[in-house]
Amino acid sequence: MKILVINGPNLNFLGIREPEIYGNKTYADLCEFIENACAELCVECEIYQSNHEGAIVDKIQEAYGVFDGIVINPAAYTHTSVAILDAVKAVGIPTVEVHISNVDEREAFRHHSYIAAAAKARFIGLGFEGYRKAVEFLKNELK
Ligand code: DQA
């Protein structure tokens, strides 16, 4: 089973950006966490990060026929991107949405998620642990 983990804009600045919200751990720490979680769950994974909406759309399209599941934290594009929602719908790959912070308890503009319409599950406000839960969910779902 192969899972693609996609992280959107500014997540590469974890550890630097707003540590009071996102914590002190770096993006490299997040990648290590995801790799370890996938190894424990015997799931093959590729991790991708981009600050560009079109690049994320391209990556989702390239996943067609290659990956069994997608874990995505679209970051700010969560709240703006119909294009990323449409890409996930287009490929039809089971997708789970993750957010490190609790977007529902932050500014009102973070309460709406476009990707939620296509997500099989959402893990919000659990820090890095949300990614493990998302991979676990997909593993059970794809059994
Ligand atoms: C985020 C929440 C988004 O609102 C924000 O734009 C991000 C990160 C999170 O993981 O908590 O960049 O997706």
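How many of the five residues of β3 are buried? Five of the five are, so β3 is largely enclosed by the rest of the structure. Buried means under 20% relative accessible area, exposed means over 50%, and partly exposed lies in between (1.4 Å probe, protein chains only). This is a predicted model: local features need pLDDT of at least 70, side-chain atom pairs count only at pLDDT 80 or more, and totals for chains, interfaces and linings use all residues. Residues are numbered from 1 along each chain as its sequence is written, and side-chain values use heavy atoms, with hydrogens and water left out. Helices (H or I, at least four residues) and strands (E, at least two) are DSSP runs, numbered from the N terminus.

**The sheet**

- Five strands form an open sheet in the order β2-β1-β3-β4-β5, with parallel pairing.
- Two strands pair if DSSP finds at least two bridges between them.
- β2 and β5 (121-124) are the edge strands, and each pairs on one side only.
- Neighbouring strands of this sheet are turned by 20° against each other on average, direction ignored.
- Strands of a sheet pair through backbone hydrogen bonds, either parallel or antiparallel.

**Strand β3 and its partners**

- β1 and β3 pair in the parallel sense over five bridges. Ile-6 stands opposite Ile-72 in β3.
- β3 also pairs with strand β4 (residues 95-99), in the parallel sense and over three bridges.
- Ile-72 faces Glu-97 in β4, and Val-71 has Val-96 as its bridge partner in β4.
- In a regular strand the side chains alternate between the two faces of the sheet.
- Gly-69, Val-71 and Asn-73 point one way from β3, while Ile-70 and Ile-72 point the other way; all are buried.

**Ile-70**

- Ile-70 lies in strand β3. Its relative accessible area is 0%, so Ile-70 is buried.
- Which residues does Ile-70 touch, not counting residues up to four places away in sequence? They are Leu-4, Ile-6, Ile-60, Ala-63, Ile-93, Pro-94, Thr-95, Val-96 and Leu-138.
- Contact means heavy atoms within 4.5 Å.
- Ile-70 and Cys-45 are 25 residues apart along the chain, and their C-alpha atoms are separated by 9.5 Å.

**Helices α3 and α4**

- The axes of helix α3 (residues 53-62) and helix α4 (residues 82-91) come within 9 Å and cross at roughly 5°. That makes α3 roughly parallel to α4.
- Axes are lines fitted to C-alpha atoms, for helices over the stretch in contact, and angles run from 0 to 180 degrees between N-to-C directions.
- Angles under 35 degrees count as roughly parallel, over 145 as roughly antiparallel, 65 to 115 as roughly perpendicular, and the rest as oblique.
- Glu-53, Ile-56, Val-57, Ile-60 and Gln-61 in α3 meet Ala-83, Ile-84, Ala-87, Val-88 and Val-91 in α4.
- The residues of this contact of α3 with α4 divide into eight nonpolar, one polar and one charged. Ala, Val, Leu, Ile, Met, Phe, Trp, Tyr, Cys and Pro count as nonpolar, Asp, Glu, Lys and Arg as charged, and the others, Gly among them, as polar.

**The buried side of α3**

- Ile-56, Val-57, Lys-59 and Ile-60 are buried in α3. They cover an arc of only 160° around the axis, so they sit on the same side of α3.
- The arc is that of the directions from the helix axis to the C-beta atoms.
- The cover over the buried residues of α3 includes β1 (2-7), β2 (44-49), β3 (69-73) and α4.

**Helices on the sheet**

- Helix α2 (residues 27-40) lies across β1 and β2, running at about 160° to β2.
- Helix α5 (residues 129-141) packs on the sheet and touches β1, β3, β4 and β5; its direction makes about 160° with that of β3.
- Cys-31 is placed in helix α2. Cys-31 is buried, with a relative accessible area of 16%.
- Cys-31 and Ala-117 are 86 residues apart in sequence and 26 Å apart in space, C-alpha to C-alpha.

**Positive phi in two loops**

- Most residues other than glycine have a negative phi, and most peptide bonds are trans.
- Cys-42 is not a glycine, yet has a positive phi of about 55°. Cys-42 is in the loop between α2 and β2.
- Is Cys-42 buried or exposed? At 64% relative accessibility, Cys-42 counts as exposed.
- Ala-75, a residue other than glycine, has a positive phi near 50°. Ala-75 is in the loop between β3 and α4. At 13% relative accessibility, Ala-75 counts as buried.
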